[in-house]
Amino acid sequence: MLQARRDALDAGFRLQRAAFEGQPFPGLDVRKDRLKRLLALTESHEAEICAAIDADFGGRSAQETRLAELFVVRAGIRHALAHLRGWMRERRVATSLPFLPGRNRLLPQPIGVVGVVSPWNYPFQLAIAPATAALAAGNRVLLKPSELTPRFSALLDWLVGEHFAPDEMSVVNGDAEVGKAFVSMPFDHLLFTGSTAVGRQVAMEAAANLTPVTLELGGKSPAIFDSSCDLDASVSSVAYGKLLNAGQTCIAPDYLMVPLGQAATVAAKLAAAMARLYPTLRDNPDYTAIISERHHRRLGDMIAEARENGADVIEVDPAGEKLGVTDRKMAPTLVMSASNDLRLMREEIFGPVLPIIEYARIDDAIDHVNRAERPLALYWFGRDRGNRQRIMRETIAGGVTINDCMLHLVQERQPFGGVGASGMGVYHGEWGFRTFSKEKPIFIQSRLSAGGLLRPPYGKTFERAFRLLGLVT
């Protein structure tokens with residue numbers, strides 16, 4: 001069975017490679033047609049997409065999928081359609097004086113066949129958003145969705161097959177072994193979204209083919225409350241940002257830093273804000289379940305370890321329900337006084353669990369962030385411009401939202417991507433178009449060029465021309 005899937009993968013790749021070689025520079029109309037079909041796929045099958053994702057999670061609201069996935073994807077496709085002509089345009093580049101009247105140009109050129117490996121937490125958005133950029137850039141696309149969302153992955157395979165020819169875009173389904181075979185293919189670019197540990201393996205597999213990679217990973221993204229913040233508004237933002245998709249979001253706040261002496265007050269306000277968002281949990285269709293028993297067990301083990309080691313653990317269960325017996329729901333959990341050696345403090349949490357850490361001075365908050373690996377996101381809440389500037393300049397993160405959570409992700413005019421252990425490379429909007437293009441530099445020589453004066457046989461003419469060249473550079 002595995003060999004059959006490998007053979008099918010290889011055949012699909014060769015089909016797309018041959019199609020690209022037959023049309024290496026699709027025109028504007030061709031690219032727009034593909035994007036319009038991608039938009040039709042998104043708009044015509046909303047109910048099926050929401051239902052499949054809900055079934056895979058064992059409970060995720062259609063509203064959450066529509067907002068966090070379908071809306072984001074639609075906005076990205078429409079943005080690409082509106083700006084594609086300008087992105088494709090051959091651009092003038094200034095020419096240095098010694099080479100005038102020659103001219104420089106920069107041509108964005110499609111690179112070939114792009115591989116996209118998407119995760120389970122936002123299975124539609126994180127497959128189709130990279131595909132949008134790759135198709136806009138004129139490439140062919142192979143998608144490998146997660147095996148942890150089998151209903152959605154099967155649906156995506158069918159939807160793509162309904163709207164695209166196999167030599168334009170197609171889906172490869174399968175387990176981790178198929179995924180390993182997928183990332184070892186000689187793609188012209190490979191985009192992977194997932195954990196840092198798997199991202200390292202992907203990068204090594206791609207390196208064998210010198211395949212350039214964009215890695216969208218994760219890490220421990222901090223939220224920092226400055227003493228100048230509007231506490232109630234800040235708590236409301238963090239409660240929502242942490243519990244969207246039950247915390248199974250790569251840019252969710254992983255831990256919260258608050259001024260010394262405020263942890264208990266903030267925890268109480270957070271518990272109240274979370275209870276307002278989700279007054280019940282078990283049968284509440286608005287509150288998402290954990291994706292699998294393994295992930296549910298992992299989160300439970302982290303909480304148990306923290307409790308056993310003396311941390312203060314607060315479960316936010318407004319209706320006092322019994323969770324995790326016949327479902328995979330998990331109560332929002334706040335953890336205070338957790339020691340740094342706990343798994344909760346070392347690993348990306350990826351669930352509805354939020355450690356709260358106190359800091360004495362802004363320097364301490366900066367040092368805490370900088371001692372860890374660089375996060376995918378950072379959130380700062382406050383009105384003090386001096387402290388904000390210090391946080392922005394003295395910490396490094398993939399992206400930042402000030403006085404809210406996660407909104408930098410949906411800015412189509414900004415790049416999205418990680419740094420260090422949280423990833424490499426960017427996409428979204430024009431940045432995605434450029435990621436999946438080769439910006440080819442072109443120099444056009446003029447008939448009036450004096451370059452012949454610098455060619456052999458060398459002599460006095462060369463020396464005079466070379467001396468003049470030195471004067472104008």
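## Largest pocket

Helix α8 (residues 196–207) contributes the most to the lining of the largest pocket, with seven residues. Helices here are DSSP runs of H or I of at least four residues, strands are runs of E of at least two, and both are numbered from the N terminus. The model is predicted: local features need pLDDT of at least 70 and side-chain atom pairs count only at pLDDT 80 or more, while totals for chains, interfaces and linings use all residues. Residue numbers start from 1 along each chain as its sequence is written, and side-chain values use heavy atoms, with hydrogens and water left out.

The volume of the largest pocket is about 1300 Å³. Its lining comprises 46 residues, of which Phe192, Gly194, Ser195, Thr196 and Val198 are the closest to the centre. Two or more lining residues come from each of α7 (176–183), β6, α8, α11 (293–308) and α12 (343–346). A pocket is an open set of points on a 1 Å grid over the protein atoms alone, with protein on both sides within 12 Å along at least five of seven lines; a cavity is a set where a 1.4 Å probe fits but cannot get out; lining residues have an atom within 4 Å of a point. Points are joined across faces, edges and corners, and a volume is the space filled by probe spheres set on the points.

## Cavities

Two cavities of 30 Å³ or more are found in a search of the whole structure. The largest cavity has a volume of about 130 Å³. Of the 13 residues that line it, Gly76, Ala129, Thr132, Glu412 and Gly429 lie nearest its centre. Helices α4 (62–88) and α5 (125–136) each give two or more residues to this lining, and α4 gives the most, with five.

## Six-stranded sheet

An open sheet with mixed pairing has six strands in the order β5-β4-β3-β6-β7-β15. Its edge strands, β5 (169–171) and β15 (423–424), each pair on one side only; pairing requires at least two DSSP bridges between two strands. Strand β7 (residues 213–216) pairs with β15 in the antiparallel sense over two bridges, and leucine 215 has methionine 424 of β15 as its bridge partner.

Helix α8 packs on the sheet, touching β6 (189–193) and β7, and its direction makes about 170° with that of β6. Helix α6 (residues 150–163) lies across β4 (140–144) and β5, at about 155° to β5. Axes are lines fitted to C-alpha atoms, for helices over the stretch in contact, and angles run from 0 to 180 degrees between N-to-C directions. Contact means heavy atoms within 4.5 Å.

## Strand β13

Strand β13 (residues 377–381) is largely enclosed by the rest of the structure, because five of its five residues are buried (under 20% relative accessible area, 1.4 Å probe, protein chains only). Ala377, Tyr379 and Phe381 cover one side, and Leu378 and Trp380 the other.

Strand β8 (residues 222–225) pairs with β13 in the parallel sense over three bridges; tryptophan 380 is the bridge partner of isoleucine 224. The pairing of β13 with β14 (residues 399–402) is also parallel, over four bridges, and tyrosine 379 has threonine 401 as its partner in β14. The chain passes from β13 through helix α14 (residues 385–394) to β14 in a right-handed β-α-β crossover, meaning that the path over the helix runs clockwise with the strands pointing away from the viewer.

Methods:
Buried means under 20% relative accessible area, exposed over 50%, partly exposed in between (1.4 Å probe, protein chains only).
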